[in-house]
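Open the model in your viewer and keep the selection tool at hand. We will go stop by stop.

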Amino acid sequence: MKKRVVIVGGGFTGINAARILGNKKDIEVTLVDRKNYHLFQPLLYQVAMSALGEGDIAAPLRNMLANYYNITVFKGVAEEIDAENRIVRTDFGDIPYDYLVLACGVKHHYFGNNQWEEFAPGLKTLAQAKEIRRRVLEAYEAAERTNDPVERKKLLTFVIVGGGPTGVELAGSIGEMSRYTLSKLYRHIDPKLTRIFIVEAAPRILGSFDPDLASKATRSLEKLGVQVWTSSMVSNVDASGVQIGRERIEAATVLWAAGVTAIDTGKEMGATTDRIGRIVVEEDLSIPGYPNVFVGGDQAHFSHGMPGPLPGLAPVALQAGRAIARNILLDMKGKPRKPFHYTDKGQMATIGKNKAILQIGSIRFDGAPAWFAWLLVHIYYLTSFKHRIFVLMQWGWSYFTFGYGARLIVNREWRFYPEASICKPEDTKEKPE
């Protein structure tokens, strides 16, 4: 009988595991994801900043896996894992499995203050990217209309909570867009007067990078008008701004890039998890006690032979997906599994045009060479040739003209006749993804 492999999550781990198992005659693969597309998350901030469109970094899962006759894709939610009976319970029915691959990713962590999400959206989904884009652009539109200098100052103040790569890239993009693009388009305000803050609880930003590289990134941010507040713990976020101890920053737009927590699957299964909910895995990426259940990507805590757990990076997830699939194939051949060995591809962050930092082992450099390396790496990892061409053309246009993509503000209310709804008023509000 064919072995049934169920993959939960269509990210880098899930899609690469599926491709390795694709067109294998003794395997039936079922991939379940709450979305119908694969998202290239490293470039999500560029959608939030209008540099790219949604279609540039997302591709339908069915299209990506159309050439594999043994793979079925379902759009749905895995609600429960019955590991004892080898069943995935979804919102559309039960799916039995012989092997299970969990690659559900992570979500934002507000450290016990989930009410802050209303005022400080994070950046993990396309819906969140479009909401951030809407808030940023609405702030400039409101600043253009108002005659109140205090209100204008607040509207032109942006706070990014968290000084990791996502926070740095968001801050750099806002600074560059304000100085070189929006400054030409508004008549009653000067977008170059935009105030941008990065608020980081640690002693420095980009804590995973070499201190010298982090210092260079800080200087590049400051040249774009970004103020970096380190050793600063946020104590409250509300509709008017951010409280940092006794200090307060009045801001109309606050963005969250400070922490993540894993999807609750591991805790619900009773598996061992770390402090942010990631499932602690064996050397072959299986769960202790459940050798037929594998975990990869951001949801896995893998630290075998490492000074600490592997970071939540795309190359980690990609390599994990391939390693899991190969171990499933080895199992079916009756051969011993191989332990997962991660090949370090390094890490990088971009601040703006010709400004980036790159670190690969002992190799470290910054500036234009790092920026072009960042471009090539991200183009390479995009999902299809079409996406690579479109993104390369858009980046080329932006490089020479500082012209960003479509800065469209799409209202969340889409109906012409909301008053005719038969739902209760609270049911008509847009629900988060």
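**Stop 1: helix α8**

Select α8 and colour Leu213, Ala214, Ala217, Thr218, Ser220 and Leu221: these residues are buried. Buried means under 20% relative accessible area, exposed over 50%, and partly exposed in between (1.4 Å probe, protein chains only). The model is predicted, so local features need pLDDT of at least 70 and side-chain atom pairs count only at pLDDT 80 or more, while totals for chains, interfaces and linings use all residues. Residues are numbered from 1 along each chain as its sequence is written, and side-chain values use heavy atoms, with hydrogens and water left out.

Now look down the axis of α8. An α-helix has 3.6 residues a turn, so residues three or four places apart point the same way.

Turn to the other side of α8. Asp212 and Lys223 are exposed there.

What do the buried residues of α8 pack against? Show α7 (165-180), β12 (195-199), β13 (226-229), β23 (347-352), β24 (355-360) and β25 (363-366). Contact here means heavy atoms within 4.5 Å. Helices (H or I, at least four residues) and strands (E, at least two) are DSSP runs, numbered from the N terminus.

α8 covers residues 211-223, and its 13 residues should span 18 Å at 1.5 Å a residue; the end C-alpha atoms are 19 Å apart, which agrees. The expected span is 1.5 Å times one less than the number of residues.

**Stop 2: the second largest pocket**

Select Asn16, Leu318, Gln319, Arg322 and Arg326. Of the 25 residues that line the second largest pocket, these are the closest to its centre. Its volume is about 580 Å³. On a 1 Å grid over the protein atoms alone, a pocket is an open set of points with protein on both sides within 12 Å along at least five of seven lines; a cavity is a set where a 1.4 Å probe fits but cannot get out; lining residues have an atom within 4 Å of a point. Grid points are joined across faces, edges and corners, and a volume is the space filled by probe spheres set on the points.

Which elements give two or more residues to this lining? They are α1 (12-21), α10 (314-332) and α11 (368-381). α10 gives the most, with eight residues.

Stay on α11. Its buried residues are Ala370, Trp371, Ala373, Trp374, Leu375, His378 and Ile379.

**Stop 3: the second largest cavity**

Select Leu285, Val295, Gly296, Gly297, Ala300, Phe302, Leu310, Pro311, Val316, Ala320 and Phe340. They line the second largest cavity, which has a volume of about 60 Å³. The count is three cavities of 30 Å³ or more.

**Stop 4**

Go to Asn23, in the loop between α1 and β2 (27-33). Asn23 has a positive phi of about 65 degrees although it is not a glycine. At 34% relative accessibility, Asn23 is partly exposed.

Next, find Phe111 in the loop between β10 (106-108) and α5 (126-145). Phe111 is not a glycine, yet its phi is positive, about 55 degrees.

Finish at Gly245, between β15 (241-244) and β16 (247-250). Gly245 is partly exposed, at 46% relative accessible area. Leaving aside neighbours within four places in sequence, Gly245 is in contact with Met233 and Ser235. Gly245 and Ser235 are ten residues apart in sequence and 6.2 Å apart in space, C-alpha to C-alpha.
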